[in-house]
Amino acid sequence: MPRTAASPMRLAFCALAALVAFAGFIALGNWQIQRRAWKLNLIQRVESRLRAPATATPDRALWSSLNAAEYEYRKLCLDGVFLHDHETLVQAVTRLGAGDWVLTPLRTTTGDIILINRGFVGPDQRAASARGAGQTSGPLRVCGLLRLSEPHGGFLRRNDPADGRWYSRDVAAIAAAQALPAQDVAPYFLDADTTPNPGGWPVGGLTVTRFHNSHLVYAITWYTLALMVAGAGVIVARHEWRLRQPGEDAKH
């Protein structure tokens with residue numbers, strides 16, 4: 001049965017679809033390259049700050065200009081008193097399993113209030129009474145890593161302050177829900193280090209500081225798909241060109 005060339009309209013549609021797919025795959029590959037550069041910069045930045053000594057606590061005048069590139073993952077040591085009556089539990093999944101982060105405001109010696117992520121507790125330790133030994137009182141020092149606020153909530157789950165359901169460490173929202181004076185609350189929180197709490201709970205030092213980086217593999221995958229689309233386009237174009245040559249139909 002003779003094979004006939006595709007109609008111009010059909011060829012135009014296929015060419016447009018192929019062009020869109022090719023451009024899309026190239027764009028995705030470029031995006032992964034950009035993500036890889038960002039991830040490598042993050043890894044280098046975090047590693048250098050983990051090796052560095054503790055730095056000074058950002059002054060109030062700097063609060064409005066805090067950004068991840070300059071401040072996140074810096075080591076800080078704070079002196080103050082915990083405000084245990086304003087404790088907030090935020091859902092968490094860690095290497096210890098599913099449970100909650102315990103966020104407790106610390107009123108520092110300078111009058112600032114900084115949320116401290118004291119660490120992880122499992123379902124059996126959610127109630128403060130179940131970890132009474134860890135509800136330390138009086139002046140103390142806590143050290144850890146500066147982390148910026150996580151607004152709104154987790155993936156597909158928004159924070160619900162009214163019901164006390166928290167999926168992210170949203171500093172401003174938690175401070176408002178706990179009726180803390182907004183002007184005194186720093187716009188960041190501190191992930192406590194591995195220093196054990198009395199009684200063993202909460203468990204600190206679980207900050208993720210090792211980041212998976214497969215962006216180069218993803219980029220190669222997208223670029224390969226783009227080349228496959230281009231190759232298929234060349235094959236189809238050559239086939240259609242041959243069908244349009246004089247006497248080509250007679251050969252089939």
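User: What is the angle about the S-S bond in the link of Cys77 and Cys143, and which hand does that give?

Analyst: With 110° about the S-S bond, the link of Cys77 and Cys143 is right-handed. A disulfide here is a pair of cysteine sulfur atoms within 2.5 Å, and the sulfurs of Cys77 and Cys143 are 2.1 Å apart. Please keep in mind that this is a predicted model, in which local features need pLDDT of at least 70 and side-chain atom pairs count only at pLDDT 80 or more, while totals for chains, interfaces and linings use all residues. Residues are numbered from 1 along each chain as its sequence is written, and side-chain values use heavy atoms, with hydrogens and water left out.

User: How many disulfides does a search of the whole structure find? And where in the chain do the two cysteines of the pair sit?

Analyst: The search of the whole structure finds one disulfide. Its pair links distant parts of the chain, with Cys77 in strand E1 (residues 75-82) and Cys143 in strand E5 (residues 140-148), 66 residues apart. Helices (H or I, at least four residues) and strands (E, at least two) are DSSP runs, numbered from the N terminus.

User: How do E1 and E5 pair, then?

Analyst: E1 and E5 pair in the antiparallel sense over six bridges, where two strands pair if DSSP finds at least two bridges between them. Cys77 stands opposite Cys143 in E5. E5 is also joined to E8 by five bridges, again running antiparallel, and the bridge partner of Leu145 in E8 is Asp191.

User: What does 26% relative accessibility make Cys77?

Analyst: At 26% relative accessibility, Cys77 counts as partly exposed. Buried means under 20% relative accessible area, exposed means over 50%, and partly exposed is in between, with a 1.4 Å probe and protein chains only. Strand E5, by contrast, is mostly covered, as seven of its nine residues are buried.

User: Changing topic: how many aromatic pairs are found in the whole structure?

Analyst: The search gives three aromatic pairs. Rings of Phe, Tyr and Trp (its six-membered ring) pair if their centres lie within 6.5 Å, and planes under 30 degrees apart count as stacked, over 60 as edge-to-face and the rest as tilted. One of the pairs is Phe25 with Trp222, which is stacked at 5.8 Å centre to centre with 20° between the planes. That pair links distant parts of the chain, since Phe25 is in helix H1 (residues 8-51) and Trp222 in helix H4 (residues 215-243), 197 residues apart. At 26% relative accessibility, Trp222 counts as partly exposed.

User: And what sort of pair do Trp101 and Phe120 form?

Analyst: Trp101 and Phe120 form an edge-to-face pair, 6.4 Å centre to centre, with 85° between the planes. Trp101 lies in strand E3 and Phe120 in strand E4, so the pair ties together parts that are 19 residues apart in sequence. Both Trp101 and Phe120 are buried.

User: What stands opposite Trp101 in E3?

Analyst: Val90 stands opposite Trp101, and strands E2 (residues 88-94) and E3 (residues 97-108) pair in the antiparallel sense over seven bridges. A hairpin joins E2 to E3 through two residues, and E2 is mostly covered, with five of its seven residues buried.

User: What is the volume of the largest pocket, and which residues are closest to its centre?

Analyst: The largest pocket has a volume of about 300 Å³. It is lined by 14 residues, and the closest to its centre are Val93, Trp101, Leu206, Thr207 and Val208. On a 1 Å grid over the protein atoms alone, a pocket is an open set of points with protein on both sides within 12 Å along at least five of seven lines, a cavity is a set of points where a 1.4 Å probe fits but cannot get out, and lining residues have an atom within 4 Å of a point. Grid points are joined across faces, edges and corners, and a volume is the space filled by probe spheres set on the points. E2 gives the most to the lining of the pocket, with three residues.

User: How much space lies in the largest cavity?

Analyst: About 50 Å³ of space lies in the largest cavity, and the count comes to one cavity of 30 Å³ or more. Its lining includes Trp101, Asn117, Asp191 and Leu206.
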